[in-house]
Amino acid sequence: MRIFICLMAIVIATTSWAEEITLSTPAEGSVSTAEGLSAWDRVYEVASHPRCANCHVGPSEQPMWSGPSYGKTRPHGMNIHAGESRIGAETMLCSTCHAYREGTGNDLPHMAPQVAMNWQLAPVEAHWFGQSSEEICNQLRDPDRNGGRTMDEIAEHLNHDLILHWAWSPGGGREPAPYSLQEHVNDILIWGVAGFPCANDQ
Ligand code: HEC
Ligand code: HEC
């Protein structure tokens, strides 16, 4: 019976990860710069949250940990370095521990999080950890540093990336990223239609 309940929980968890997000772009010209800036403030709250920033580190190549028992954020244990490959190819692959295994959830404390795609650091250009709101704002609107994405493509990417779905239901007692994936996608679209304003534009 207990096994059955566990299986049910996993089915529910998997279904909610795959939840589709609606992309409803506001009409051109319908969003003021001020509204765009306040949407950006919410995007920044998400981007700077440990569930996102711990992988979006810069040239240190070191993922960060802020699990429930660590209090303060600190470098990933076991001396893990992602290397220039960002996947640990030079030392130990992230997938050694972060491989997706069908039927095992992320619910146990201290378990290495796993999703059904490659677990790896974000590209070095998308360095968010410890960066200011303005720095992240300018990076994310710059096609040379955001993977060449338009606003719609950023929103699409957010929808299809399973790591993102994990960040909003991380399990193991970890705090989820703020707001919801849907609200985050809405905010990206509001910010984009307002013309990607950043505080340093004024
Ligand atoms: C497990 C590590 C990991 C976590 C956690 C993570 N990301 Fe990422 N992120 C990546 C990788 C890898 C890429 C590059 C994927 C690609 O370009 O296809 C990426 C790319 C992105 C991009 C594309 C734009 C750019 O500047 O490269 C956005 C936007 C993004 N992540 C948002 C988020 C948000 C928001 C969160 C938290 C809710 C988050 N990420 C958490 C690894 C991570
Ligand atoms: C030797 C096993 C192992 C390897 C290899 C490994 N990890 Fe982890 N990772 C873990 C464990 C275990 C946890 C969970 C720690 C906890 O919460 O107590 C974890 C947690 C994480 C977290 C979640 C941190 C948080 O606070 O949300 C991130 C991000 C992460 N690892 C990134 C990586 C990246 C990127 C790589 C490859 C460069 C990698 N890990 C390689 C074992 C590993």
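Trainee: Which helices each supply at least two residues of the shell around ligand 1?

Mentor: A residue counts as near a molecule if its C-beta atom, placed from the backbone, lies within 6 Å of it. Helices (H or I, at least four residues) and strands (E, at least two) are DSSP runs, numbered from the N terminus. Here α2, α3, α6 (151-160) and α7 each supply at least two residues of that shell, and α7 gives the most, with three. This is a predicted model, in which local features need pLDDT of at least 70 and side-chain atom pairs count only at pLDDT 80 or more, while totals for chains, interfaces and linings use all residues. Residues are numbered from 1 along each chain as its sequence is written, and chains are lettered from A and ligands numbered from 1 in the order in which they are written.

Trainee: Which residues come nearest to ligand 1?

Mentor: Of the 21 residues around ligand 1, they are Cys52, Cys55, Ala122, Ala126 and Ala167. For classes, Ala, Val, Leu, Ile, Met, Phe, Trp, Tyr, Cys and Pro count as nonpolar, Asp, Glu, Lys and Arg as charged, and the others, Gly among them, as polar. The shell around ligand 1 has 14 nonpolar, five polar and two charged residues.

Trainee: How many residues surround ligand 2, and which are the closest?

Mentor: There are 25, with Gly67, Ala82, Cys94, Cys97 and Ala112 the closest. By class they are 13 nonpolar, ten polar and two charged. Both α3 (50-53) and α4 (95-98) supply at least two residues of this shell, and α4 gives the most, three.

Trainee: How many helices and strands does the protein have?

Mentor: Eight helices and two strands. Along the sequence the pattern is α-α-α-β-β-α-α-α-α-α.

Trainee: What share of the residues is buried?

Mentor: A residue is buried if 20 or more other C-beta atoms lie within 10 Å of its own, exposed if 12 or fewer, and partly exposed in between. Of the 202 residues in the protein, 23% are buried.

Trainee: Which residues have the most contacts inside the largest nonpolar core?

Mentor: A nonpolar core is a set of buried Ala, Val, Leu, Ile, Met, Phe, Trp, Tyr and Cys residues joined through C-beta atoms within 7 Å. The largest has 33 residues, and those with the most contacts inside it are Ala47, Cys52, Trp128, Ile136, Ala167 and Trp191. Its largest share, six residues, comes from α8.

Trainee: Where do the buried residues of α2 fall, seen down its axis?

Mentor: An α-helix has 3.6 residues a turn, so residues three or four places apart point the same way. In α2 the buried residues are Ala39, Trp40, Tyr44, Val46 and Ala47. They fall within an arc of 150° (taken from the directions from the helix axis to the C-beta atoms), so they line one face of the helix. Among the elements that cover them are α3, α5 and α8.

Trainee: Why is α8 described as largely enclosed?

Mentor: Ten of its 13 residues are buried, so α8 is largely enclosed by the rest of the structure. Those buried residues include His184, Asp187 and Trp191, and what covers them includes α2, α6 and α7. The expected span of a helix is 1.5 Å times one less than its number of residues. From its first C-alpha to its last, α8 reaches 18 Å, close to the 18 Å expected. After α8 comes Gly195, with a positive phi near 95°.

Key: Contact = placed C-beta atoms within 7 Å.
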